[in-house]
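Q: I am new to this structure. Please show me how to read its features, one at a time.

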Amino acid sequence: MATLHERKNYREAIMKTLYEATEGNRLLGVTGAKLRDDLHMPEQDLAAACAYLAGEGLITVDWAQGNTPAMVTLTHQGIRFMEAEEEERGWAPS
């Protein structure tokens, strides 16, 4: 199981990857398999991070069998969160 530091990094990486991939459009999403492969994240940790972020209202997840994220999208709140991060930290999507 991931450490607290790893879990926080996974959640941040998921949010940043989603924001970049969808260009802040909540009508677009990314498959769980693509997130897992792009981020080199264990399946269990991806599911746990997605469940946490969904619980915070930042993403929505369509779950496949075995608690595997099939499709992940940002919510309006998630987009606003990432826009605030971008403004605060001077971070810009690649």
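Q: Which element gives the largest share of the lining of the largest pocket?
A: Start with the idea of a pocket. Rolling a probe the size of a water molecule over the atoms shows where empty space is left. Here a 1 Å grid is laid over the protein atoms alone; a pocket is an open set of points where a 1.4 Å probe fits, with protein on both sides within 12 Å along at least five of seven lines, and lining residues have an atom within 4 Å of a point. Helices are DSSP runs (H or I, at least four residues), strands are E runs of at least two, and both are numbered from the N terminus. In this case α1 gives the largest share, six residues.

Q: What should I know about the model and its numbering?
A: This is a predicted model, in which local features need pLDDT of at least 70, side-chain atom pairs count only at pLDDT 80 or more, and totals for chains, interfaces and linings use all residues. Residues are numbered from 1 along each chain as its sequence is written, and side-chain values use heavy atoms, with hydrogens and water left out.

Q: Which elements each supply at least two residues of that lining?
A: They are α1 (4-22), α3 (43-55) and α4 (76-89). The lining has 15 residues. Nearest the pocket centre lie Glu12, Met15, Phe81, Glu85 and Arg89.

Q: How much space lies in the largest pocket?
A: A volume is the space filled by probe spheres set on the grid points, which are joined across faces, edges and corners. For the largest pocket this comes to about 360 Å³.

Q: How is the lining made up by class?
A: Ala, Val, Leu, Ile, Met, Phe, Trp, Tyr, Cys and Pro count as nonpolar; Asp, Glu, Lys and Arg count as charged; the others, Gly among them, count as polar. The lining of the largest pocket has seven nonpolar, seven charged and one polar.

Q: Is Glu85 buried or exposed?
A: Buried means under 20% relative accessible area, exposed means over 50%, and partly exposed lies in between (1.4 Å probe, protein chains only). Glu85 sits in helix α4. Its relative accessible area is 17%, so Glu85 is buried.

Q: Why does Asp37 count as partly exposed?
A: Asp37 belongs to helix α2. Asp37 counts as partly exposed because its relative accessible area is 45%. Asp37 and Gly78 are 41 residues apart in sequence, and their C-alpha atoms are 22 Å apart.

Q: What does Thr22 touch beyond its sequence neighbours?
A: Contact means heavy atoms within 4.5 Å. Thr22 is part of helix α1. Thr22 is buried, because its relative accessible area is 2%. Leaving aside neighbours within four places in sequence, Thr22 touches Leu28, Gly29, Val30 and Leu74. Thr22 and Leu74 are 52 residues apart in sequence, yet 8.4 Å apart C-alpha to C-alpha.

Q: Which residues does Thr17 touch?
A: Thr17 is also placed in helix α1. Its relative accessible area is 19%, so Thr17 is buried. Not counting residues up to four places away in sequence, Thr17 touches Leu35 and Leu39.

Q: Which residues are in contact with Val72?
A: Val72 lies in strand β3. At 0% relative accessible area, Val72 is buried. With neighbours within four places left aside, the contacts of Val72 are Leu18, Gly29, Val30, Leu35, Cys50, Ile59 and Thr60.

Q: Where is His40, and what is its phi?
A: His40 is in the loop between α2 (32-39) and α3. Phi of His40 is near 50°, a positive value in a residue other than glycine. His40 is exposed, at 69% relative accessible area.

Q: Where does Asn67 lie?
A: Asn67 is in the loop between β2 (59-64) and β3 (68-74). Phi of Asn67 is also positive, near 55°. Asn67 counts as exposed, at 57% relative accessibility.

Q: Which ring does Arg11 lie over?
A: A charge sits over a ring if NZ of Lys or CZ of Arg is within 6 Å of the ring centre and within 35 degrees of the ring normal. Arg11 lies over the face of Tyr52, at 3.8 Å from the ring centre.
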